[in-house]
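Here are my comments on the two-chain model you sent over.

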Amino acid sequence: MIRGNAKMLLEVKGLRAKVGGAEIVKGLDLAVRAGEVHAIMGPNGSGKSTFAKALAGHPAYEVTGGTVAFDGKNLFEMTPEERARAGLFLGFQYPVEIPGVSNSAFLRLAYNTMRAARGRDELDPLEFDDYVREKMKLLEMDAAFLDRSVNEGFSGGEKKRNEILQMALLEPRLAILDETDSGLDIDALRVVANGVNRLATADNAVVLVTHYQRMLNYIVPDYVHVMGGGRIIRTGGKELALELETRGYDWTKVAA
Amino acid sequence: MNAVTARHPYIESLLKGYEMPRSGISWLNELRARALERANALKVPTLRDEEWRFTDIGPLTKAAFRPAAGAPRPAPANIAGYFVPEATVRLVFVNGTYAPELSATAGMPQGVVVGSLAASIAAHAGVIQPHLARHAGFEDEIFTALNTAYLRDGSFIWISRDRKLPAPVQLLHVSTQPESAAYPRCLVIAEAGAECTLIEDYVGLGDAVYFNDSVTEIVAGEGARVRHVRVQRESGGAFHIASCAAVLAKDAHYASHTVTFGARISRFNLNVLQQGEGVEVKLDGLALIAGRQLADTHTLMDHARPHGRCRQVHKCIVDGGAHAVFNGKILVRPGAQLTDSSQQSRSLLLSDRAHVDVKPQLEIFADDVKCAHGAAIGQLDAEQLFYLTSRGLSDSRARNLLTYAFAAEVIDRIPVPSLAERLKQTVLARTQAVA
């Protein structure tokens, strides 16, 4: 929902970022206010995922220029854990498997870290168990996922549900969901999208990074941005996504 | 008995004042005499010996150790923290000497003997003589020869045919005396169809520098099942050199869980001999060391008969300037067809100065077998670290959790829950200090 007076959550100006020595993001501007849902679309290699990872602070992604203010603070002065504690969440395109760490212990540790950062009491394992089971219903996840190692042996769809479960637990101010729709069948997509919709409020914001339009049938964006060559080259409403679906990405380059 | 003059001053100092125990048991006297002869004749290994090429025991040979004696026994309260609650039967040795007042041996089921070797040897000579010092060879192993020369007491566990020990047995070796040498000894005989879980535990109180030279022999009869947990948590200044020989008859199961935390220098030789067809072996190892520690594990899985199956996982977590060694040999003898044996070794280096030497060895002399080995050495995974920190965990917490997870695979399989939990806490505490 667009409200001109809503709080500015993310303000990106002229961002440049490198990975593996190559500059991938080349002067990106973006402003996200509370309550908004943005979709960043673009062909492979346009810089979408690099942008997402640079925001979260992945050490392999080097920021070489520009500024990012998150909730008014300089994002690049914060470590990845500080960004997370300040309310920035990255839903991974490829969630990482961590054998030997149970999902329940990981989720509880992350949740309690966030509670502590917000000055609230930690939940003990029993309290947390009740709480997380409630949240899992939202994503139609079986409780058996709690006992397994983090993402280990999860299917693509199960990993993505686990990402959104983390989003549900951590209650971020800004969630960047990197290709959350990839690898999902249509039922899983509906469940995951429904979960995201239930979590979106007037006080937080969601940035969907996606190659395809299909998730936007379920999560309706306020803005659609098209990336090309490391910058946002076109911005429109939800109808822009439909246009991309029928016409492909090539015309955007010409028009830009 | 006149001892042959030792060639090495170190052996000389260890054997100084050696007195042959006056035992009325002639076979035992002969055994010790022969071992003493070998201890005097054998060379102290150096880096030039293939089996010791990564492990410099120089600091050990420079220290002077006297046979442990006369130190006060610790009060039960001081060692009760090491008692494993599940183990209703417990033998405690203090500086190598059996401490009956700290032990618990009541309520033994019929057909089971758990007690001190010295107390059992006369009554059960017919059972003990065919096995004692017959499996852990001392002809070429100087430390086994020393241990056997000093053989006076130890643990004796005998489970007769088809008997099952309902609870684990803990053999707790507590060391308190500085500059002392002790020679722990253990003989386990599980007859056909017998079952037991054994916890062999080495604990150092305080920071004393001492030397434990330990030998364990395990005999598993046909279809017997032996689970063997070995925890080495000696003091940081200690020297620990140990051998274990496990001999398995047809269809026997042997599972070994070895955890190494302590000692300045430690060496553990585990030799598993498959003497019958169809055995099932699991060998898990974990070494977690830091500072200037050196931990060396040498294993030999000897498939001498067909249809043997072995799964081995060995992990090292090395921090500071510590040095881990793993030498794992799988030997498939001629005729040992349909052997299925695999070995995985994984090492985690937590500092730039940490060092690991890994040497897998496969020697296969049969043509219809399945054998595999893999070795990986690395650091904590950067993607896993980022994933955890992106969820708000601090960098040190994330490292701690991942280090712990690396160790968990081995610890989670330890079949004694309270001990597994204790060891988990130790790993967490250690890795927290690291982070």
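**Notes on the model**

1. Let's begin where the chains meet: 21 residues of chain A are in contact with 17 residues of chain B. On the chain A side, the elements that give two or more residues are helix 2 (80-85), strand 7 (98-102), helix 3 (103-117) and helix 5 (156-170). Helix 3 of chain A makes the largest contribution to that side, with five residues. Sorted by class, the side of chain A that touches chain B holds 15 nonpolar residues, four polar ones and two charged ones.

2. Bear in mind that this is a predicted model. For chain A the confidence looks like this: the mean pLDDT is 93, and 99% of the residues reach 70 or more. If you go element by element, strand 6 (residues 88-91) of chain A has the highest mean pLDDT, 98, while helix 8 (residues 250-255) of chain A has the lowest, 69.

3. Staying with chain A, have a look at the open sheet of four strands. Its order is 2-1-4-5, and the pairing is antiparallel. Strand 2 (22-33) and strand 5 (73-74) of chain A are the edge strands, each pairing on one side only. Inside this sheet, strand 1 (residues 8-19) and strand 4 (residues 61-70) of chain A are held in antiparallel pairing by eight bridges. If you want one pair to click on, Leu10(A) has Phe70(A) in strand 4 of chain A as its bridge partner.

4. Which way do strand 3 and strand 11 of chain A run, parallel or antiparallel? They are parallel: four bridges join strand 3 (residues 37-41) to strand 11 (residues 223-228) of chain A. One residue to check here is Ile40(A), whose bridge partner in strand 11 of chain A is His225(A).

5. Strand 11 of chain A also pairs with strand 12 (residues 231-236) of chain A, this time antiparallel and through five bridges. Here Val224(A) sits opposite Gly236(A) of strand 12 of chain A. These two strands form a hairpin with two residues between them, and Gly229(A) there adopts a positive phi near 60 degrees.

6. Now over to chain B, starting with its overall build. Its secondary structure amounts to ten helices and 21 strands. Along the principal axes, its C-alpha atoms occupy a box of roughly 70 × 50 × 50 Å. Of the 435 residues in chain B, 51% count as buried. As for how the chain folds back on itself, take the contacts in chain B with a separation of 6 or more: 82% of them come from residues 24 or more positions apart.

7. Chain B splits into domain 1 (9-276) and domain 2 (386-435). Their C-alpha centres are 30 Å apart. How many residues does each domain of chain B put into the contact? Domain 1 of chain B gives eleven and domain 2 of chain B gives eight. On the domain 1 side, strand 9 (195-204), strand 11 (225-233) and strand 13 (253-260) of chain B each provide at least two residues. That side of domain 1 of chain B, where it touches domain 2 of chain B, is made up of seven nonpolar, two polar and two charged residues.

Conventions:
Residues are numbered from 1 along each chain as its sequence is written. Chains are lettered from A and ligands numbered from 1 in the order in which they are written. This is a predicted model: local features need pLDDT of at least 70, side-chain atom pairs count only at pLDDT 80 or more; totals for chains, interfaces and linings use all residues. pLDDT is the predictor's confidence in each residue, from 0 to 100. Two residues are in contact if their C-beta atoms, placed from the backbone, lie within 7 Å. Ala, Val, Leu, Ile, Met, Phe, Trp, Tyr, Cys and Pro count as nonpolar, Asp, Glu, Lys and Arg as charged, and the others, Gly among them, as polar. Domain bounds come from an automatic or database domain assignment. A residue is buried if 20 or more other C-beta atoms lie within 10 Å of its own, exposed if 12 or fewer, and partly exposed in between; C-beta atoms are placed from the backbone. Two strands pair if DSSP finds at least two bridges between them.
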